[in-house]
Amino acid sequence: MKLVELHAQAMDLAVDVVDRVRPEQLDRPSPCADWTLGRLLEHCVGQHQGFAAAARGAGPDLALFADAELDADPAADFRRTGADLVAAFRAGAADERALWLPEIRDGGPFPFRMAVGFHLVDTLVHAWDVAAALGDADALVAAVDRDDALADALLTVTEAVPDTPEARAPGRAFRPGLQPADGAGRFARALALLGRDPAWQA
């Protein structure tokens with residue numbers, strides 16, 4: 001249950017970031033290669049919907065994770081589907097059912113806590129992507145780094161992500177890892193290990 005609540009904290013931080021996005025900013029580049037900010041949000045909302053369906057017992061249906069079509073208020077879509085996912089994880093914590101995640105490796109089923117950890121990392125990293133696209137990721141990084149439980153969970157799951165040519169091939173979720181800078185905080189270290197440049201700017 002603790003990990004589920006850490007995921008809820010991560011979602012709250014992500015919602016705070018996405019709430020700052022204005023419609024005219026959706027064409028901005030993001031740290032995700034070849035993805036605009038709008039495309040990134042479509043992906044995030046689709047992932048919210050897919051993970052929520054999986055937490056409620058859906059089978060390995062890749063279509064459930066498809067990028068979503070956003071309404072006129074993408075932040076509202078992100079907030080609504082994020083809240084639904086948090087509720088689905090909280091409900092699923094009672095029996096910790098395994099989740100089918102067809103986008104990952106063989107699709108599963110993955111242990112409940114592992115699946116929650118996957119999405120916690122996804123939530124924080126994509127929140128950073130959005131904040132970086134907006135030109136101000138420092139507040140998010142600081143908020144995570146000063147929360148020991150959240151920062152440790154982020155880094156622990158990140159360090160378990162395979163960094164092999166197959167796992168980090170083009171089209172995969174993460175690029176080959178980078179060497180974290182000396183003295184880097186936990187969030188910056190996690191970003192580097194997942195192939196993100198913590199100093200990225202549009």
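1. Contact here means heavy atoms within 4.5 Å. Among contacts in the protein chain between residues at least 6 apart in sequence, 66% join residues at least 24 apart.

2. This is a predicted model: local features need pLDDT of at least 70, side-chain atom pairs count only at pLDDT 80 or more, and totals for chains, interfaces and linings use all residues. Residues are numbered from 1 along each chain as its sequence is written, and side-chain values use heavy atoms, with hydrogens and water left out.

3. The protein chain has seven helices and zero strands (DSSP runs numbered from the N terminus: helices are H or I, at least four residues; strands are E, at least two). Its radius of gyration, taken over C-alpha atoms, is 16 Å, close to the 17 Å from the globule rule for 202 residues, so the chain is as compact as a globular protein of that length. That rule is 2.2 Å times the number of residues to the power 0.38.

4. Buried residues make up 47% of the 202 (buried: under 20% relative accessible area, 1.4 Å probe, protein chains only).

5. Look at helix 7 (residues 186-193). Six of its eight residues are buried, so the rest of the structure largely encloses it. They are Arg 186, Phe 187, Ala 188, Ala 190, Leu 191 and Ala 192. Their cover includes helix 4 (112-134), helix 5 (138-145) and helix 6 (148-159). Just after helix 7, Gly 195 takes a positive phi of about 90°.

6. Gln 47 sits in helix 2 (residues 37-55). It counts as buried, at 4% relative accessibility. Neighbours within four places in sequence aside, Gln 47 contacts Phe 65, Glu 103, His 119 and Asp 122.

Note on methods
Buried < 20%, exposed > 50% of the residue type's maximum accessible area, 1.4 Å probe, protein only.
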